[in-house]
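I opened this entry to record what I looked up in the model.

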Amino acid sequence: MTAIDLKDLTISYSSVPVVHGANFSVADGESFALVGESGSGKSTILKAISGLNDEWTGEIKLFGEKIDPKNRTDISRITQMVFQDPYGSLHPRKTVDTILNEPLAIHGIKDDGTRVLEMLSAVGLDKRYRFRYPHQMSGGQRQRVAIARALMIKPKLLLLDEPTSALDVSVQAEILNLLKKLRKEQNLTFLLVTHDLPVASFLCDRLAVMKGGEIVEIASREQMTKGELKAEYSNELLGVHAQKLGA
Amino acid sequence: MLAYFAKRIGMMVVTLFLIITLTFFLMHAIPGGPFTSEKMLAPEIEEALNAKYGLNDPLWVQYLNYLKGIITLDLGPSFKYPGIRVNDLILDGLPVTAKTGFLALLCVAALGIPLGILAALNQNKWQDTAVMMLATVGVAIPSYVVATVALYIFALQLNLVPTFGLDDWRGYILPVAALSGFWLSFIARLSRSSLLEVLGQDYIVTAKAKGLHPLSILFKHGLRNALIPIVTVLGPVVANLLTGSFVIEQIFALPGIGRHFVLSISNRDYTTIMGITIFYAAFLMVMILIVDILYMLLDPRIKLADRNK
Amino acid sequence: MSEKLLEVQDLRVTFPTHRGDIDVVKGISFDLGRERLAIVGESGSGKSMTGRSILRLIRSPGRVTATKLKFDNIDLLDQSEKQMRALRGARISMVMQDPKYSLNPVLTIGEQIGEALRTHQNLPRKQVHDRVIDMLDQVRINDPDRVAKLYPHEVSGGMGQRIMIAMMLIPEPDLLIADEPTSALDVSVQAQVLDLIDGLIQQKGMGLIIISHDLNLVANYADRVLVMNAGEIVEECDASALKDAQHPYTKGLLAAVPRIDETREELPTLDRSQWDAT
Ligand SMILES: Nc1ncnc2c1ncn2[C@@H]1O[C@H](COP(=O)(O)OP(=O)(O)OP(=O)(O)O)[C@@H](O)[C@H]1O
Ligand SMILES: Nc1ncnc2c1ncn2[C@@H]1O[C@H](COP(=O)(O)OP(=O)(O)O)[C@@H](O)[C@H]1O
Ligand SMILES: [Mg+2]
Ligand SMILES: [Mg+2]
């Protein structure tokens with residue numbers, strides 16, 4: 001089964017199209033990366049899928065079900081989003097416990113607190129953090145909370161918008177390990193936006209390369225690591241990258 | 001943009017129509033006619049009056065006639081004062097109410113916001129403490145208490161200002177102060193906390209790193225942002241100044257619309273009650289529209305589009 | 001390093017807390033010529049505080065002390081607030097981390113960049129506008145005329161970073177402090193933006209302090225590297241020698257970077273057990 005199926009997706013902000021006719025599909029359980037030029041529309045695609053932008057034409061299918069931009073059925077049970085910046089995405093005056101319970105409350109799920117403890121331990125946070133506020137935690141810990149929140153209601157699909165670009169390398173490594181582990185354990189599907197090719201390589205099976213609002217290439221991880229990308233822009237990305245390492 | 005305003009104004013007309021309909025039928029559901037007063041009129045006279053004002057027509061005919069009048073901006077005759085129209089009563093009270101209301105609003109904005117700024121810029125110093133103490137008192141004590149006490153002290157005991165009437169400018173002092181006291185304090189507190197929050201943001205550090213003058217940082221970067229939450233409460237503030245004016249005009253015996261309204265209730269002057277209610281409702285809706293426009297001008301993140309509900 | 005642009009000796013940044021004063025920068029010293037100096041280290045190690053303290057932008061109750069803090073032979077600790085204002089932006093400017101929060105949400109991009117120029121130079125409107133558009137173009141923003149009219153919430157993360165860089169380069173400072181300037185940029189745009197900064201270093205003799213957690217970038221781009229941990233400099237080396245760094249902390253950071261042909265199932269991380277003590 002396909003988790004995400006996009007056909008001719010054109011997305012606009014205030015009638016100005018910024019993504020032009022994107023096509024790709026992601027299989028259930030697959031991990032797919034969107035890489036490419038800054039401002040090329042990667043985040044915009046995630047926004048359209050998650051419902052934060054409804055100015056689009058074309059077709060979005062999630063787990064076989066078509067989405068109508070003007071009249072959305074609630075898809076937050078099957079898909080959740082994790083944002084780039086771990087500072088802004090958590091409410092500053094709510095404790096971790098409140099933050100984690102919110103998605104349950106929204107979907108009217110009754111729980112005696114076991115789910116919160118379960119998710120805290122899944123993302124490797126000690127029980128002591130349960131009643132802390134975001135500002136009492138480091139960036140990496142906050143990002144763990146954001147991931148835990150996204151997983152509270154057991155979604156099948158995670159949309160990740162640069163989940164580690166605000167973090168230093170060591171914390172990034174922790175989060176990447178965590179995401180890899182969780183995907184295996186819970187059989188999740190990932191759609192990951194990143195500008196970092198090695199991150200895509202570590203976490204993803206396939207990737208789409210974007211430039212100027214268009215998808216210029218879809219390739220497998222192997223093709224990338226062997227340097228066998230076809231599009232000119234993909235090779236520019238790879239080339240600069242190799243240069244950076246080679247020097 | 002235009003479509004949005006057309007829609008907003010269309011909605012205002014519908015809302016106003018509903019208010020008119022509701023007040024009309026509510027008024028007519030109250031038992032007893034306008035001419036059943038304590039000093040019984042002779043039945044023939046009451047009958048003649050009812051006929052004159054069309055009160056014997058079926059209700060829906062009266063309703064349609066009333067609507068017809070409103071479309072031509074005519075709120076009908078007063079039931080209490082023969083020969084006087086509700087329009088005249090409103091026009092008669094308007095200058096006084098508008099003047100006190102406007103002065104009060106001016107006080108709220110022109111004193112409350114600067115006081116809040118003063119307090120925020122001197123956080124935890126004596127200026128801050130003084131403003132916050134005054135503001136706490138202002139929020140805690142109801143305006144009619146302030147009014148009565150002030151009237152007693154300044155007018156009766158000290159004779160500094162007149163007890164009633166607006167013959168010279170000093171007559172405005174107490175009513176305006178009583179009317180604006182609460183909201184002035186409220187806005188001062190809100191301005192303080194809003195500005196403090198904004199001044200703690202990262203973009204203020206950026207402005208400093210650019211080498212901007214502190215005044216430029218305060219006005220261009222600080223206040224532009226801090227005003228956003230203040231503007232959003234101005235709508236309710238205007239509404240509350242209006243309803244506050246009913247009480248204040250009564251206490252200070254000011255010949256404003258509020259007083260006509262209170263009188264019309266005790267007189268069972270139905271058309272006046274309806275007329276003033278409708279007039280106020282229309283005024284409020286216009287104010288709210290203005291506040292929304294201001295809000296949009298101040299905050300680019302607010303989208304006009306209604307698709308995001 | 002012919003002449004010293006910046007001299008820092010025993011720089012301390014202190015914050016009072018309920019458990020007494022805490023030094024978040026613990027007496028660090030370094031010099032900077034007209035070169036590219038990088039500061040690396042994990043988050044919370046005091047990199048941003050070091051950068052901000054040079055511009056004296058630490059908010060009270062935080063305090064900056066040093067036995068020496070000199071820029072171009074001007075004693076920064078001795079300057080009045082007014083004198084500092086003349087330096088900030090014009091001669092020393094700082095690219096702030098996190099453009100999403102460092103740009104004013106109610107002013108357009110063009111307005112904010114133009115302001116950085118107008119504050120220090122008296123130029124006609126038209127000329128300011130032209131320079132803004134040109135600067136946006138130089139940081140590789142497509143369609144700069146359109147973007148100048150946008151508000152910060154309407155640009156992407158990477159565009160925000162480039163806008164921030166444009167804003168801080170437009171007054172042509174002598175010293176640029178760049179706090180994580182390219183963390184949201186793809187490699188190709190990143191390379192172009194760094195080339196631009198490089199050009200200024202070559203033409204104008206600008207000095208650069210680049211704060212980053214991207215060790216690859218630092219190794220290839222900077223001249224010298226300071227490695228910070230918990231408010232102290234634990235290692236200082238030539239950038240080209242970073243890969244052979246000796247300090248276990250630096251080695252730990254290097255090992256945590258994923259590679260494009262990654263084969264490790266799990267990336268090694270630093271032992272963070274000392275954090276959990278709090
Ligand atoms: N709210 C908005 N209103 C108007 N335009 C927007 C808005 N958000 C994004 N855009 C525009 O859409 C385009 C794509 O933005 P998007 O955020 O998808 O880029 P991205 O690929 O995620 O880039 P980055 O890697 O820099 O984050 C950009 O040109 C941007 O200016
Ligand atoms: N206002 C403050 N009060 C107390 N501690 C602070 C304050 N601001 C920053 N710190 C502390 O200073 C240290 C260094 O922060 P910073 O320089 O921002 O780190 P980074 O190396 O990630 O840029 C951190 O431990 C942080 O918690
Ligand atoms: Mg993005
Ligand atoms: Mg920092």
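**Conventions.** I worked from a predicted model, in which local features need pLDDT of at least 70, side-chain atom pairs count only at pLDDT 80 or more, and totals for chains, interfaces and linings use all residues. Residues are numbered from 1 along each chain as its sequence is written, chains are lettered from A and ligands numbered from 1 in the order in which they are written, and side-chain values use heavy atoms, with hydrogens and water left out.

**Magnesium site.** I looked up the protein donors of the magnesium ion (ligand 4) and found Ser48(C), through OG, and Gln97(C), through OE1, at 2.0 to 2.4 Å. Donors here are N, O and S atoms within 2.8 Å of the metal (3.2 Å for Na, K and Ca); water is not among the atoms, so the site may look incomplete. Ser48(C) sits in helix H1 (residues 47-54) of chain C and Gln97(C) in the loop between strand E7 (92-95) and helix H3 (99-102), so the pair ties together parts 49 residues apart in sequence. Helices (H or I, at least four residues) and strands (E, at least two) are DSSP runs, numbered from the N terminus. I noted Gln97(C) as partly exposed, with a relative accessible area of 32%; the class lies between buried (under 20%) and exposed (over 50%), with a 1.4 Å probe and protein chains only.

**Chains A and C.** I read 45 residues from chain A and 45 residues from chain C in the contact, meaning heavy atoms within 4.5 Å. The buried area is about 3,600 Å², with 53% from carbon and sulfur atoms; this is the accessible area (1.4 Å probe) that two parts lose on being put together, summed over both. I found 2 salt bridges across this interface, a salt bridge being a side-chain nitrogen of Lys or Arg within 4 Å of a carboxyl oxygen of Asp or Glu. Glu265(C) pairs with Lys180(A) in a salt bridge, the closest N and O atoms being 3.8 Å apart. On the side of chain A that touches chain C, helices H5 (169-186), H6 (197-203), H7 (221-225) and H8 (232-246) each supply at least two residues. H5(A) gives the most, with 10 residues.

**Chains B and C.** Here I read 25 residues from chain B and 28 residues from chain C. They bury about 2,300 Å² between them, 57% of it on carbon and sulfur atoms. I found 3 salt bridges across the interface. Glu115(C) and Lys220(B) meet in a salt bridge at 2.9 Å, N to O. Helix H8 (202-209) and helix H9 (214-251) of chain B each supply at least two residues of the side that touches chain C.
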